[in-house]
Amino acid sequence: MSVDASTNDDLQTRLREALAALADRDALIAQRDAQITEMAAVGAYRAARIKVLEAQMAAMNRALYGRRSEQLDPAQRQLFEESLEEDIVAIQTELETLKESPSAPRRQPKRLPLPEHLPREEVRHEPASCTCTQCGNALTPMGEDVTEQLDCKPAEFFVRRHIYPKYACRACETVTAAPSQASVIERGRPAPGLLAHVLVGKYADHLPLYRQQQIYQRSGVELARSTLADWTGAAGVALMPLVSAMKADLLQRPVIHADETPVALLDPGAGKTARAYLFAYCATDGPPITIFDFCTSRSGEHAKNFLGAFRGHLVVDDYAGYKALFAENITEVGCWAHIRRLFFELHAAKASAHAEPALRQIAELYRIEAEIKGLDPPERLARRQRQARPVLDAFEQWIDNLLPAASPNSGLAKALAHTRKRWPALVRYVDNASLPIDNNPVERSIRPIAVGRKNWLFAGSKAAGERAAAIMSLIATARQNGHEPYAYLKDVLTRLPTHPDRRIAELLPHRWG
């Protein structure tokens, strides 16, 4: 072969290689162009999706943390907020996924430490072999990594066996044994812990007895609903003296809040339910106390009978049933939250432009109360006189100027007239440092009833309503004083059978601990 032929072949080979390289480069460029186009589309989708999610997040945060409607039922609002919080977490998770770079390390969420008081159940995960998979030598311990997960198990039942050994004296022919442990239910099978669990389930967690029966069945324990009802009734009777003692303490307080809410009462003769009421009485000056009084009507006689010789200040709304009490040396104190609700409803319905100025003036009164909370009574009274009194005087003048010009029978005229009628009771708190600005403490104690009555459906009888009121009084007061209701009731039901009557105060929830 000549030199020229050899050179030509070499040139042909190089040309083919160059063309192949160009083809590979063009294919790579086309692939990258396709990837860039795809990434641009994904980026555009991500940007659009992020905008949508951020708008949804802002709307949900406004709904969750913004101004709250006075018309929304507290139980409905609780469910509404739970749903919103779930949606917000879901959106946050999607936003983090969309915003994070593929190469960036995933951000670890901040978690609160698990409670130290919980028992730890260790699960060890040892390697499959204690020899090195590379060289076969034995592995040497060098520490350990620990992760913790919160877990739970359904209600765990067990049988508590009380054994009473008997000893005989052969010399004098006597038998000695420890006395039997007293129980709230004589010869009954439920231990105090189970009784407390049933009571808390029904009256704190709003689980009717038939639902508790179903829960216990899943744990392999068959308990008839009638049996649970018997236990609840017997425990309620045993706890009644505590509520009587708690009532005596309540009536010694200088300021009592009062309110009422309807509950259904079974009327077997008529084959339907009648309307009954739970009157709630609350005192917060000192360890808080809340007592519910079950009554078959809304008559003011029930409040009169409950309060008896009480001669302090009574914080109430404008319900006529309380009016007779104020002629018997009980001093009426009004509720600004109730007045605020009237103007808020006007504002929400856009029924009057004058509602917003009223709300601003009421908000100023509450701002002052927030600032002086926790101050000593003399300083609190001085600040009220110096700061709140001018606001109230201006508000009163504003009402007097506006009321004659308001359209008769309009919502604004009714709100103004109601506020003006209640004015002496509404401004009474400014002249007494121990008086509250509103009736919110007792309204908060009533809110769980709204959830409970939807599950109980009705009280089976007047006696059943009174027992329910007694148990709810103990649970509500225990919660207000920072006690876990189950722990409190279990301890009380354990000690009550042998506890001296003269020391009953030791078992009251606002003194227990």
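This is a predicted model: local features need pLDDT of at least 70, side-chain atom pairs count only at pLDDT 80 or more; totals for chains, interfaces and linings use all residues.
Reader: What does the chain contain overall?

Author: The chain has 14 helices and seven strands. Of its 513 residues, 35% are buried. Among contacts with a separation of 6 or more, 62% join residues 24 or more positions apart.

Reader: How do you know that the length of helix H3 fits its residue count?

Author: Helix H3 covers residues 192–203, which is twelve residues. The expected span is 1.5 Å times one less than the number of residues. For H3 that gives 16 Å, and its end C-alpha atoms are 16 Å apart, so the two agree.

Reader: Why is H3 called largely enclosed?

Author: The cut-off for buried is under 20% relative accessible area. Ten of the twelve residues of H3 are buried, so the rest of the structure largely encloses this helix. Among them are Gly193, Leu194, Leu195 and Ala196. Val198, Leu199 and Tyr203 are also buried.

Reader: What makes Thr232 buried or exposed?

Author: Thr232 has 8% relative accessibility, and buried means under 20%, so Thr232 counts as buried. The residue lies in helix H5, residues 225–250. Leaving aside neighbours within four places in sequence, Thr232 contacts Val198, Leu199 and Tyr203, as well as Leu209 and Ile471. Val198, Leu199 and Tyr203 are buried residues of H3.

Reader: And Thr498, why is it called buried or exposed?

Author: Its relative accessible area is 61%, and exposed means over 50%, so Thr498 is exposed. Thr498 sits in the segment after helix H14 (485–495).

Reader: What makes the pairing in the five-stranded sheet mixed?

Author: The open sheet has the order E5-E4-E3-E6-E7, with mixed pairing. Its edge strands are E5 (289–295) and E7 (331–333), each pairing on one side only. The twist averages 30° from one strand to the next. Both senses of pairing occur. E3 and E4 pair in the antiparallel sense over eleven bridges. E4 and E5 are also antiparallel, over seven bridges. E3 (residues 255–267) and E6 (residues 313–315) run parallel, joined by three bridges.

Reader: Which residues stand opposite each other in these pairs?

Author: Pro262 stands opposite Tyr277 in E4. Cys282 faces Thr290 in E5. Ile256 is opposite Leu314 in E6. The hairpin of E4 and E5 has five residues between the strands, and Gly286 takes a positive phi near 105°.

Reader: Which helices touch this sheet?

Author: Helix H6 (residues 300–307) lies across E3, E4 (272–283), E5 and E6, and runs at about 40° to E4. Helix H13 (residues 462–480) packs on the sheet and touches E3, E4 and E5. The direction of H13 makes about 170° with that of E5.

Reader: Why is the H8 and H9 pair called roughly antiparallel?

Author: H8 (residues 355–372) and H9 (residues 377–402) pack at an angle of about 175°, with their axes 10 Å apart. Angles over 145 degrees count as roughly antiparallel. That makes H8 roughly antiparallel to H9.

Reader: Which residues meet where H8 and H9 pack?

Author: On the H8 side they include Pro357, Ala358, Ile362, Leu365, Ile368 and Ile372. On the H9 side they include Arg380, Ala388, Val391, Leu392, Phe395 and Trp398.

Note on methods. Residues are numbered from 1 along each chain as its sequence is written. Side-chain values use heavy atoms; hydrogens and water are left out. Helices (H or I, at least four residues) and strands (E, at least two) are DSSP runs, numbered from the N terminus. Buried means under 20% relative accessible area, exposed over 50%, partly exposed in between (1.4 Å probe, protein chains only). Two strands pair if DSSP finds at least two bridges between them. Axes are lines fitted to C-alpha atoms, for helices over the stretch in contact, and angles run from 0 to 180 degrees between N-to-C directions. Contact means heavy atoms within 4.5 Å. Angles under 35 degrees count as roughly parallel, over 145 as roughly antiparallel, 65 to 115 as roughly perpendicular and the rest as oblique.
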